[in-house]
Amino acid sequence: LVIADPAPEAELQLPGARREGREVVRILNEAKENKVNNLDLTVVERIGAVECDPVEILALILNEEFDIVHFAGHGVFDEKDPDHSGWVFGKDVILSAVEIFRARRVPRLVFANACFSAVIQERPAMKADEMNRGLAGLAEAFFERGIQNYIGTGWPVDDEPAVEFAGEFYRAILEGDTLGDALAGARKKILGNGSTWGAYQHYGQVNARLVIP
């Protein structure tokens with residue numbers, strides 16, 4: 001399931017998140033068409049506010065069995081109330097980890113390029129250590145729902161290297177790389193393009209594979 005740029009408000013929209021979502025969908029569909037590792041893939045995409053009805057997305061997650069959920073958009077974390085931290089689907093619509101994964105079966109991997117936005121929180125821009133605490137707290141909220149592997153960003157990333165990173169990462173895991181090796185390869189690919197390569201943090205099992213080659 002690929003969810004990208006879900007908020008309807010103009011000030012919350014992220015064209016780079018849309019490009020990332022479309023690139024992830026393209027890589028997954030390409031692997032499906034080329035029968036990489038004989039995978040039988042079903043790719044569900046919800047890109048842009050028109051396609052991202054939060055009620056429908058919750059129903060999808062609860063009623064289907066996704067191995068991967070990829071999210072690109074805004075995120076929030078409330079230290080005082082971690083259960084109400086999560087992904088932003090609008091100015092007053094936040095889907096928390098508790099709401100998102102009430103299902104008995106949770107994905108094997110959540111990849112969330114979720115920027116902790118000052119626009120959402122109505123406060124000054126967050127410092128790097130605050131963003132990292134927010135990411136760790138959000139990841140913890142998802143782990144409490146049973147997620148085994150969570151990848152998130154510790155600070156805002158640049159659009160183009162983020163798109164390139166996601167594409168390289170998914171190519172590698174579909175070919176059978178471990179999550180650790182796939183992340184290392186994706187970081188290396190964008191190493192010379194700003195600080196985006198260092199923003200991605202993996203919580204979980206570094207030797208886990210989503211696909212057995």
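Strands β4 (residues 86-90) and β5 (residues 93-96) run antiparallel and are joined by four bridges; strands here are DSSP E runs of at least two residues, while helices are H or I runs of at least four, both numbered from the N terminus. Two strands are said to pair if DSSP finds at least two bridges between them. Across this pairing, G86 stands opposite S96 in β5, and β4 and β5 form a hairpin with two residues between them. On another side of the pairing pattern comes strand β3 (residues 68-76), which pairs with β4 in the antiparallel sense over two bridges. Here W87 of β4 is the bridge partner of G75. Five of the five residues of β4 are buried, so this strand is largely enclosed by the rest of the structure. Buried means under 20% relative accessible area, exposed over 50%, and partly exposed in between, with a 1.4 Å probe and protein chains only.

All this is read from a predicted model, in which local features need pLDDT of at least 70 and side-chain atom pairs count only at pLDDT 80 or more, whereas totals for chains, interfaces and linings use all residues. Residues are numbered from 1 along each chain as its sequence is written, and side-chain values use heavy atoms, with hydrogens and water left out.

The protein as a whole has seven helices and eight strands. Of its 213 residues, 49% count as buried. Among contacts (heavy atoms within 4.5 Å) between residues at least 6 apart in sequence, 73% join residues at least 24 apart.

Two of the helices meet in a crossing. The axes of α6 (residues 159-174) and α7 (residues 179-189) come within 8 Å and cross at roughly 145 degrees; axes are lines fitted to C-alpha atoms, for helices over the stretch in contact, and angles run from 0 to 180 degrees between N-to-C directions. Residues of α6 in this contact include F165, F169 and I173, and those of α7 include L179, L183 and R187.

Finally, the loop between α1 (15-33) and β2 (45-47) holds N37, and N38 is found in that loop too. What is the phi of N37 near? Phi of N37 is near 50 degrees, and phi of N38 is near 55 degrees, each a positive value in a residue other than glycine. Most residues other than glycine have a negative phi. N37 is partly exposed, with a relative accessible area of 31%, whereas N38 is exposed, at 69%.
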